[in-house]
Amino acid sequence: MKIMVKTARPDQPHHSTRITFVFSSFFFILFLCVLSSINEVRFNGLVKLGRSALSNIPSQSINPSLPGNSSSSAPNLRILIGILTLPDQYRRRDFLRLIYGIQSPEGAKVDVKFVFCNLTKEDQKVLVALEIMRYNDIIILDCKENMNKGKTYTYFSSLPEILNSTDGPDPPYHYVMKADDDTFFRLDKLVESLRPLPREDLYYGYVIPCPSMDPFNRYMSGMGYLISWDLVEWIRTSDIPKNHTEGPEDKVVGDWIRDGHRAKNRYNAKWSMYNYPDPPTRCTHELWPDTVAVHLLKDQEKWIRTLKYFNVTDNLKPSKLYHIP
């Protein structure tokens, strides 16, 4: 008699296990999808809650003009300093960026820009473009480079079109200055001197001739003079400046103001503004604490002496990275 023994096929247990695994994986994936949906709903709720909370926090603006400026909700005084210079003066611009980059006048927005005419050389087009990308502190006017043949007129008359904006402050600046690149301005002292002054029809600077103390006498020196924004707009639209653009630029601006019967408000900043004391002339003055500006800093030695006198590096923080006695 034969005994029949039924043996199971060897693939049956594996087949059963595979089915169990598939069903387990399906339910696990389904669980993950449900969990993800729940978390997304929670996350969106948190985002909305966060936005709602943030909308109740007062916003703050940071003065972008100078590195290191403290934040301010709304600077109550806005000043543009346009330093008229030449495209090839790369080292001078870098030096002045250091000088003005460490100054942070309280409660004021002071923008320092370098101003020149159209670029004419291939290296300028590359190097100046790099400066703009890095610092954004250059204004290039549509003119042929010059000193006394209309550059200052182009500077002032171009600003309303360049700066007026529907989403910016009105006016964009209370005051606009034209300055030389051999003048050192102490921005805190400049701001301090401007605070009590009118913000319309103002002409501010160092009166020429040098012995005069009468701001209505002639005109303000080209070392650095300042006008209120309404005068900038007048220069743009009036035929008086348009028809008289050539000549010593500071004197020409004085002629515009005289012929247009403008600037009923004038401020003589002498002797807080003056020429460097050496060599001595009727326009020079010894360095002293109440200084707003020093002019004719034609070489590094004069710059260094001036900066040392005003202790501009006193705020250098101690560090193990350097030792400067």
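Predicted model: local features only at pLDDT ≥ 70, side-chain atom pairs only at ≥ 80, totals over all residues.

Visitor: Fine. How many helices and strands are there in the protein?
Guide: The protein has 9 helices and 14 strands.

Visitor: And what share of the residues counts as buried?
Guide: Of 325 residues, 42% count as buried. As for contacts between residues at least 6 apart in sequence, 70% join residues at least 24 apart.

Visitor: On to the sheets. What order do the strands take in the sheet of 7?
Guide: The order is S5-S4-S3-S6-S11-S8-S12. That sheet is open, and its pairing is mixed.

Visitor: Which strands stand at the edges?
Guide: Strand S5 (138-140) and strand S12 (265-268) do. Each has a single partner strand, so one side of each is left without a neighbour in the sheet.

Visitor: By how many degrees are neighbouring strands turned against each other?
Guide: On average by 20 degrees, direction ignored.

Visitor: Let's zoom in on S8. How does S8 run against S12, and how against S11?
Guide: S8, residues 202-205, runs parallel to S12, with 4 bridges joining the two. S8 and S11 run antiparallel, joined by 2 bridges.

Visitor: Which residues stand opposite Tyr204?
Guide: In S12 the residue opposite Tyr204 is Tyr267. In S11 the residue opposite Tyr204 is Leu226. Gly205 also has a counterpart in S12, namely Asn268.

Visitor: Are the faces of S8 covered or open?
Guide: Both faces are covered. Leu202 and Tyr204 are buried on one side, Tyr203 and Gly205 on the other. In a regular strand, side chains alternate between the two faces of the sheet.

Visitor: Which helix lies across S8?
Guide: Helix H6, residues 229-237. H6 also lies across strand S6 (175-180) and strand S11 (224-228), running at about 90 degrees to S11.

Visitor: There's a sheet of 3 strands too. What's its order?
Guide: S7-S14-S13, open again, with mixed pairing. Strand S7 (184-185) and strand S13 (273-275) stand at the edges. Each of these has a single partner strand, so one side of each lacks a neighbour in the sheet.

Visitor: What joins S13 to S14?
Guide: There are 3 bridges, and the two strands run parallel. S14 covers residues 293-295. Met273 stands opposite Ala293 there.

Visitor: New topic: pockets. How much space lies in the largest pocket?
Guide: About 870 Å³.

Visitor: Which residues lie nearest its centre?
Guide: Ile102, Asn311, Val312, Thr313 and Asp314, out of 24 lining residues. The lining divides into 14 nonpolar, 5 polar and 5 charged. Helix H2 (90-101), helix H5 (187-194) and helix H9 (300-309) each supply at least two lining residues.

Visitor: What about enclosed space? How many cavities of 30 Å³ or more are there?
Guide: The count is 1. About 50 Å³ of space lies in the largest cavity. It is lined by 13 residues, and the closest to its centre are Gly150, Thr152, Tyr153, Thr245 and Glu249.

Visitor: Which helix gives the most to that lining?
Guide: H8, with 4 residues. H8 spans 249-259, and helix H4 (151-163) also supplies at least two residues.

Visitor: Last one. How does the lining of the largest cavity divide?
Guide: Into 5 nonpolar, 5 polar and 3 charged residues.

Terms used:
Residues numbered from 1 in each chain as written. Heavy atoms only, no water. 1 Å grid on protein atoms, 1.4 Å probe; cavity = no way out; pocket = protein on both sides within 12 Å on 5 of 7 lines; lining within 4 Å. Points joined across faces, edges and corners; volume = space filled by probe spheres on them. Nonpolar A, V, L, I, M, F, W, Y, C, P; charged D, E, K, R; others polar. Pairing = 2+ DSSP bridges. Axes fitted to C-alpha atoms, helices over the stretch in contact; angles between N-to-C directions. Contact = heavy atoms within 4.5 Å. Buried < 20%, exposed > 50% of the residue type's maximum accessible area, 1.4 Å probe, protein only.
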